[in-house]
Amino acid sequence: MTYKIPSVCIKGISLFAILLILQSQLQAVFAQQKFPELDDILTQKQKLLGKDFVVMVWKKDDTLIYKKELGDFNSKTQAPIASCSKWLTAALVMTFVDEGKLSLDDKITKWLPEYEKYAKNYITIRTCLSHMTGIRSEPVSILKLLERKKFNNLEDEVNSFASKDIQANPGEEFRYSDIGLNIAGRILEIISKRRFDVLARQRLFVPLLMRRTSFSSLDGSVVNPSGGAVSSPEDYMHFLIMLMNKGLYQGRRILSEAAVNEMLTIQTNHGQIKYAPKGTEGYNYALGAWVAEEKDGKATAVTSPGLFGTWPLIDYCRGYAYLFFVKNLLGEEKADAQIEIKGVIDEKFTHTCQ
């Protein structure tokens, strides 16, 4: 037996479906525009922040509550993210920890015997992720990034660190640099027998639907776990959402909750900080990210700003992720503006940490 559905019913159903889609889109737009205070401060700071940027605020209940796209830039535009890469690399390391393939307190000489020749036996994965290897380093700069062109691959670069002078015993002094994270990245290559950029794509970017994010370079330069990723605002927000949800993204577990909690454990005290970029001075450091706010030895708000000016942040107590993503070189010295912007956002949320 066959049934004929009147065309008027089909039209009615189609119209109803269209109305539902329009309603959800209007609700999303409405939700994103109910934040005049944030609009106001971004307008006030526009001369300082430039004309091409994206701002996004994501609430913990998986709701995008604010998005502003300005100038020749939108949430799908790909751009270099400099040191925001460090947070990605730390998370990638934790996927190996989750699988039992390494421990944060493993000594790097387990995989890099070259370091034993130069009396660097006590450097661990943990001290690598927290910039406390003790290896002499110079401040991160555009010039230092360009100097990396002399290396053929990450292996060559990391081997060159072995002969550098030691400034302090591992774990005693903090100096922000590219050394520790790149050592950790190389160790992942050795364990997996795969290139770092391939690992990042397989373990993070594909499961997080970060289709515009990569550590691979178009110019053939050496992969840089500390500062060589490109991403888009939409992609990087996926990463922040995963961390905010303690390792879950769209129902899929990327990291264990224990791994995320470990990433929030403060590794430094203020007396150990010997060099920090302008804009993060006064902050402690966890694993791959700066501690903007803390309580009882745990980070409650974390950030990993990049040299180009992109500024991602998660506030666990207030339950939101914030992302300022910039196309052009701004520099980390714009931190004062970001702190003011965070203050405005904070007013919209209840502080739940007692």
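Colleague: On what basis are the residues numbered and the values computed?
Modeller: Residues are numbered from 1 along each chain as its sequence is written. In this predicted model, local features need pLDDT of at least 70, side-chain atom pairs count only at pLDDT 80 or more, and totals for chains, interfaces and linings use all residues, while side-chain values use heavy atoms, with hydrogens and water left out.

Colleague: How many helices and strands does the protein chain have?
Modeller: Helices (H or I, at least four residues) and strands (E, at least two) are DSSP runs, numbered from the N terminus. By that rule, the protein chain has 13 helices and 13 strands.

Colleague: What percentage of the residues in the protein chain is buried?
Modeller: A residue is buried under 20% relative accessible area, exposed over 50%, and partly exposed in between (1.4 Å probe, protein chains only). Of the 354 residues in the protein chain, the buried share is 52%.

Colleague: Of the contacts between residues at least 6 apart in sequence, what percentage joins residues at least 24 apart?
Modeller: A contact means heavy atoms within 4.5 Å. Among contacts in the protein chain between residues at least 6 apart in sequence, the share that joins residues at least 24 apart is 67%.

Colleague: Which residues form the disulfide that a search of the whole structure finds?
Modeller: A disulfide is a covalent bond between the sulfur atoms of two cysteines. Here it is identified as a pair of cysteine sulfur atoms within 2.5 Å, and the search finds 1 disulfide. The sulfur atoms lie 1.9 Å apart, and the residues are Cys317 and Cys353.

Colleague: Is the link of Cys317 and Cys353 left-handed or right-handed?
Modeller: The angle about the S-S bond is -100°. The link of Cys317 and Cys353 is therefore left-handed.

Colleague: How many residues apart are Cys317 and Cys353, and where do they lie?
Modeller: Cys317 is in the loop between strand S12 (311-315) and strand S13 (320-326). Cys353 is in the segment after helix H13 (335-346). The pair links distant parts of the chain, 36 residues apart.

Colleague: Which member of the pair is buried, and which is partly exposed?
Modeller: Cys353 has a relative accessible area of 26%, so this residue is partly exposed. At 2%, the buried residue is Cys317.

Colleague: What arc do the buried residues of helix H8 cover around the axis?
Modeller: In helix H8 (residues 154-161), the buried residues are Leu154, Glu157, Val158 and Phe161. Their arc is that of the directions from the helix axis to the C-beta atoms. They are on the same side of H8 because the arc is only 95°.

Colleague: Which residues of the largest nonpolar core touch the most other members?
Modeller: A nonpolar core is a set of buried Ala, Val, Leu, Ile, Met, Phe, Trp, Tyr and Cys residues joined through side-chain atoms within 4.5 Å. The largest such core has 76 residues. Those that touch the most other members are Trp87, Ile183, Tyr236, Phe239 and Leu243.

Colleague: Is Thr95 buried or exposed, and which residues does Thr95 touch?
Modeller: Thr95 is found in helix H4 (residues 85-98). With a relative accessible area of 5%, Thr95 is buried. Not counting residues up to four places away in sequence, Thr95 touches Arg203, Ile254 and Leu255.

Colleague: With which side chain does the side chain of Thr268 make a polar contact?
Modeller: Thr268 is found in the loop between helix H12 (257-263) and strand S8 (273-275), and at 8% relative accessibility this residue counts as buried. A polar contact is a pair of N or O atoms within 3.5 Å; within protein, one must be able to donate a hydrogen and the other to accept it, and residues adjacent in sequence count only if both atoms are side-chain atoms. A polar atom of the Thr268 side chain also lies 3.0 Å from the backbone nitrogen of Tyr285. The side-chain partner, at 2.7 Å, is Asn284.
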